[in-house]
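Subject: The two-chain model for you to look at

Hi,

Here is the structure I promised to pass on. Please open it alongside this note.

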Amino acid sequence: MTLIQNQIEIPTPSKPWVKTPLQRVPSIAVGIAALALAGAIVEATPLKGKLGFFLVFVPLITVLQYLLARIRATRKAAQDIFVASFMWTASFLVFLPTASILATTVTKGLEGLRLSIFTNTMAAASYTDPIEMGGLLHALVGTIYLILLSVIISVPLGILTALYLTEIKGPGSAFIQFIVQAMSGVPSVIAGLFVFSAVILATPLEASSLMGAFALAILMVPTVTRTSQEVLVLIPNDLREAGLALGATQWKTVALVVVPAAKSGLITAIILGVARIAGETAPLLFVLGGTDALNSNPFSGFNSGLPLYIWKGFLIGLPESVQRAWTGILVLLILVLILFTAARVFGPKKGRF
Amino acid sequence: MSDTLPVQRKITTKPRPSDVAFRGIVTSFGFINLAILTLIGAFLLFRGIEVFKVEGLSFFTDQKWEVTEESGITSGNIGIGAMLIGTLIAALIALVVALPVSVLTALMLNFYAPIWIRTFFITVIDLMAAFPSILFGLWGFFVLMPSAEYWAMLLNRYFGWFPLFQVDQPFFTRSPFIAGLVLAIMIIPIVTSVSREVFSQAPLDRIQAAYSLGANKWSMIKSVVLPFGANGVVGGAMLGLGRAFGETVAVYTVLNLVYAINWQILFGAGGNVASHIVTRWGEAGEYEVKALLAAGFVLFVLTLAVNFLADRIVRSTVKKGR
């Protein structure tokens, strides 16, 4: 043992490109200097508040970093740092609204969140009543109906379209691909108008959860199709060829080999589709009717949904109703976040296939 | 002996009945999408055609939307001129704000960020894309608008000499500028992810060639990635533009609908076709509903055209890379 240890020197892994703490000192110093200077400038001039600080700090640190790099290295290196600091600012600007939206929804929504809202409807309460009265049970039930029905309509359509694009690859597939792409760009309000003009105006059917689900399914199909397609493309051709070589028909190969292999990805596709439509508001304004009472029949009679509940609360505009809207948004956001997390958990891991 | 030999199977390319059925069903489902898209256009046009006939070209140029009903006969002096221009203005503002932010973020994620920051930001951007639009609407109204009004006032005070930031009256609430900002936040995810996709297709050999010639990151991006990805970024921007055209509730909350074309982006008056449809829907009579469906048809064709162009551009770039 000792012999071997003496003979073989295990080299410590070194990372020569990593900056040593000493090398970091100047850039950290520049950062602190920029912070201090920006603070001083904001204090000394009429610029006030966080915006003023941001407007001073960002150019200041950019210029200081540039000068530092100019002193220590070449002009090209300084340019690189200059551009990079723009990029960091830009990504901060992407991060900021997301954080703000999450924080606002949670803080404002929590004030009105209590158990009673899940067991009551607005049938006997007004939106301007205190939050203790009434609740969003009818809207939650309506949203669940909408989700279930649109899944039933759009999942077969979406997945079979994806199978057409990846398995059949018929002469029309490039065209269908484009059609799916175009459908994903259809504004949500148009989907609602379409169902209104094609079904409600033309037939004796009235606004109901089913009509809402028709409109939402139009928006959901492209998401399901494109996500499923991405997964199906990843299934190696070996699997398909193996199925066919064993004498299976193409139908059997797809049903017993390709689809089971892509199962988790297809589930992700469905979840992403549901997340896409769970919060859609605009189409529901035309085809759902909107009601304050619980309607347990999804096929007839006006129904409600969380987005409509929020919308109504917002439009009334009084503190109590706005509080209801925020709480509704929080419930909706929790629903979306659950779906979002589920999609990540079920999602195809890299290098699985 | 001979009777135990199996009979040779007939070799044929004719598909079996189960396959014929399978192919038939799947193909017909593929074409249902085409049917849906055609039906959307057809039904909106069918309902709106009367309005197009009555109003003629002035439907696109008139700024007023007045429907009067006298003894059962409806006559209207209606047009979506102001709404169309307003939609374009808000969408362009959104694009001008979102494009640089998205492209820079995409470059940062692809070439500068350490892995953990990249993973984190991809989650953030996916999450932004998953937020319901009504959430952006409420947040825009209650959180962004008070600040954005103040920013608009500052812009007007210090850059008012620039024609873009002039206003006749200092009224900054619910302006196209604020609607544009909300839309910008909403289209950042799609523009960023398309740009990222395009940039990541940049040929590796050219990237490595640039590095081996002594380029640093920015020189490499300037000489390899940007020329390669420019088209794709334009396509992504147009996809974002298409989204911005069709957005409804988020714009409704932060835009003051006024039936006159307003070019002053900081002034609190604007137009938007989708919000206009939602606004008028509640009290619309029979003729007005048709007019709104006609407006919907115009919006549909507009977004379809933009998406078509965007798709062409993005696909040509991505194919080139592979």
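Predicted model: local features only at pLDDT ≥ 70, side-chain atom pairs only at ≥ 80, totals over all residues.

Residues are numbered from 1 along each chain as its sequence is written, and chains are lettered from A and ligands numbered from 1 in the order in which they are written.

Let's start where the chains meet. Chain A brings 68 residues to the contact and chain B brings 66 (two residues are in contact if their C-beta atoms, placed from the backbone, lie within 7 Å). On the chain A side, helix α4 (residues 75-112) gives the largest share, 20 residues; helices (H or I, at least four residues) and strands (E, at least two) are DSSP runs, numbered from the N terminus. That side of chain A divides into 49 nonpolar, 16 polar and three charged residues. Here Ala, Val, Leu, Ile, Met, Phe, Trp, Tyr, Cys and Pro count as nonpolar, Asp, Glu, Lys and Arg as charged, and the others, Gly among them, as polar.

Now the domains, whose bounds come from an automatic or database domain assignment. Chain A has domain 1 (22-112) and domain 2 (137-346), with C-alpha centres 41 Å apart. Seven residues of domain 1 of chain A are in contact with seven of domain 2 of chain A.

In chain B the assignment gives domain 1 (17-78) and domain 2 (81-321), and 27 Å separate their centres, taken over C-alpha atoms. There, 21 residues of domain 1 are in contact with 16 residues of domain 2. Of the domain 1 side, α1(B) supplies the largest share, nine residues.

Finally, the core. A nonpolar core is a set of buried Ala, Val, Leu, Ile, Met, Phe, Trp, Tyr and Cys residues joined through C-beta atoms within 7 Å; buried means 20 or more other C-beta atoms within 10 Å of a residue's own. The largest one has 200 residues, and those with the most contacts inside it include A275(A), A90(B) and L183(B). Helix α3 (residues 81-112) of chain B gives the most to this core, 18 residues. Leaving aside neighbours within four places in sequence, L183(B) is in contact with A90(B), A91(B), A94(B), A244(B), E247(B) and V251(B).

Best wishes

Terms used:
Buried ≥ 20, exposed ≤ 12 C-beta atoms within 10 Å, placed from the backbone.
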